[in-house]
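Here are my notes on this one, as promised. Have the model open while you go through them.

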Amino acid sequence: MARERRGYRMKAVIKKKRTKGMAFVDVPIPKIGPRDVLIKINAASICGTDVHIYDWTRWAQHRFTPPRIIGHEFVGDVVKVGDEVTRVRVGDRVSAESHLTCGYCYQCNNGNSEVCRNFRLLGVDHNGTFAEFLALPEHVLWKNDQDIPDEWATIQEPFGNAVDTVLSEDVSTKTVLILGAGPIGLFAAGIAKACGASLVIISDPNNYRLAISKKMGVHIAVNPRKQDLVQTVLEATHHNGVDVVLEFSGNNQALDQGLKVLIPGGRISVLGIYERRVNIDLNKDVIFKKIRIYGVTGRKIFSTWYKTSRFLSSGLVNPGPIITHQFPLKDYEKGMKLMKDGKCGKVILMIHDEHKRR
Ligand code: NAD
Ligand code: ZN
């Protein structure tokens with residue numbers, strides 16, 4: 001008999017106290033309402049946000065209220081549905097949009113639900129995915145393509161961030177500079193290549209991650225602590241600068257360098273989040289160059305999920321080289337440590353791994 005029907009308890013990673021650290025504990029399996037589903041989680045992946053919550057950084061202290069199960073990236077199987085659920089059935093393999101949107105505010109009604117006025121974040125405002133089971137409202141669920149294995153399905157949420165950053169405008173035949181080779185910058189490299197960028201340059205002080213970027217097909221990988229990034233980009237572009245800059249570092253100096261090497265009339269899309277206000281030369285590097293700056297947050301719901309699913313199921317992008325580590329849930333701290341040390345790409349927690357890659 002299924003455990004979830006007998007009111008058993010489950011394992012979960014929970015932030016209990018307003019201090020550094022987390023706990024691996026037994027908690028009750030969540031109850032569902034009429035429009036909710038219960039999901040048995042197969043795999044969940046660790047995001048930088050989870051590490052902020054673990055470390056209890058300034059951001060976490062202001063944004064997070066314990067106790068809460070963390071995590072917002074996952075894939076799992078629906079095991080129970082509420083009486084009014086119509087869109088999914090028991091047995092469906094799902095992931096979910098981590099922005100739990102309201103569905104009725106001005107932005108939601110105008111196709112901009114990624115900036116929903118009332119959104120709640122999975123794993124921050126709602127119990128998250130680092131657990132054996134998860135309860136979610138059906139309207140945030142995404143039914144997974146059968147051709148996408150669990151290790152790839154769980155990373156669709158951050159992959160979608162990269163999709164929207166790369167594709168805020170067309171990149172075909174364009175020259176592209178990617179700042180930051182963290183997991184999302186690396187996804188972006190694969191997407192830019194798949195969409196026909198003619199030159200992809202990536203910059204990151206982390207050599208481990210630069211090595212992965214090569215596997216994703218970037219043409220030039222630069223360590224800005226060892227090489228002059230501006231000079232390298234100008235030499236590679238006949239001193240024109242690049243057509244497109246994609247910012248994933250959250251580093252002010254990198255942003256500034258990116259603006260300096262962006263061609264007049266070009267575009268920059270910024271996903272990276274900065275610890276403090278940034279300092280850039282707005283007159284010289286933005287206004288008089290007539291560039292376009294896009295801020296990117298979350299993903300388009302659900303148009304970006306369709307694109308993400310097709311990039312992965314078609315083989316247009318192979319995220320394999322970026323997924324560097326897998327651990328059982330109880331070893332989540334090993335993953336957090338690797339992320340803090342930058343010695344990883346994407347780290348995945350395998351929870352019930354019945355759908356491992358064939
Ligand atoms: P990450 O922290 O793993 O990657 C950032 C990378 O930038 C690291 O590899 C780091 O070494 C590199 N870096 C640091 N200084 C640099 C410099 N001067 N030049 C070039 N690279 C430099 O983060 P991630 O998970 O890949 O996410 C990328 C960024 O996007 C982060 O800032 C994250 O906070 C942000 N983010 C934003 C959203 C959103 O909705 N806007 C969503 C997810 C993540
Ligand atoms: Zn809304």
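1. The zinc ion (ligand 2) is held by four SG atoms, from Cys102, Cys105, Cys108 and Cys116, at 2.3 to 2.4 Å. Donors here are N, O and S atoms within 2.8 Å of the metal (3.2 Å for Na, K and Ca), and water is not among the atoms, so sites may look incomplete. Along the chain, the spacing of these donors reads C-x2-C-x2-C-x7-C.

2. On geometry: the angles between the four donor atoms of the zinc ion (ligand 2) run from 102 to 119°, so the arrangement is tetrahedral (for four donors, all angles between 85 and 135 degrees). Cysteine 105 is buried, at 7% relative accessible area (buried means under 20%, with a 1.4 Å probe and protein chains only).

3. Before you go on, a caveat: this is a predicted model, where local features need pLDDT of at least 70 and side-chain atom pairs count only at pLDDT 80 or more, while totals for chains, interfaces and linings use all residues. Residues are numbered from 1 along each chain as its sequence is written, chains are lettered from A and ligands numbered from 1 in the order written, and side-chain values use heavy atoms, without hydrogens or water.

4. Now ligand 1. It has 20 residues around it, of which Ile184, Asp204, Arg209, Val296 and Gly298 come nearest (a heavy atom within 4 Å counts as near). By class, this shell has nine nonpolar, nine polar and two charged residues.

5. Look at the backbone too: a polar backbone atom of glycine 298 lies 2.9 Å from an oxygen atom of ligand 1. The protein buries 76% of the 860 Å² that ligand 1 exposes when taken alone (Shrake-Rupley areas, 1.4 Å probe).

Technical notes:
Four donors count as tetrahedral if all angles lie between 85 and 135 degrees; four count as square planar and six as octahedral if opposite donors are over 155 degrees apart and all others between 65 and 115; anything else is irregular. Buried means under 20% relative accessible area, exposed over 50%, partly exposed in between (1.4 Å probe, protein chains only). A polar contact is a pair of N or O atoms within 3.5 Å; within protein, one must be able to donate a hydrogen and the other to accept it, and residues adjacent in sequence count only if both atoms are side-chain atoms. Ala, Val, Leu, Ile, Met, Phe, Trp, Tyr, Cys and Pro count as nonpolar, Asp, Glu, Lys and Arg as charged, and the others, Gly among them, as polar.
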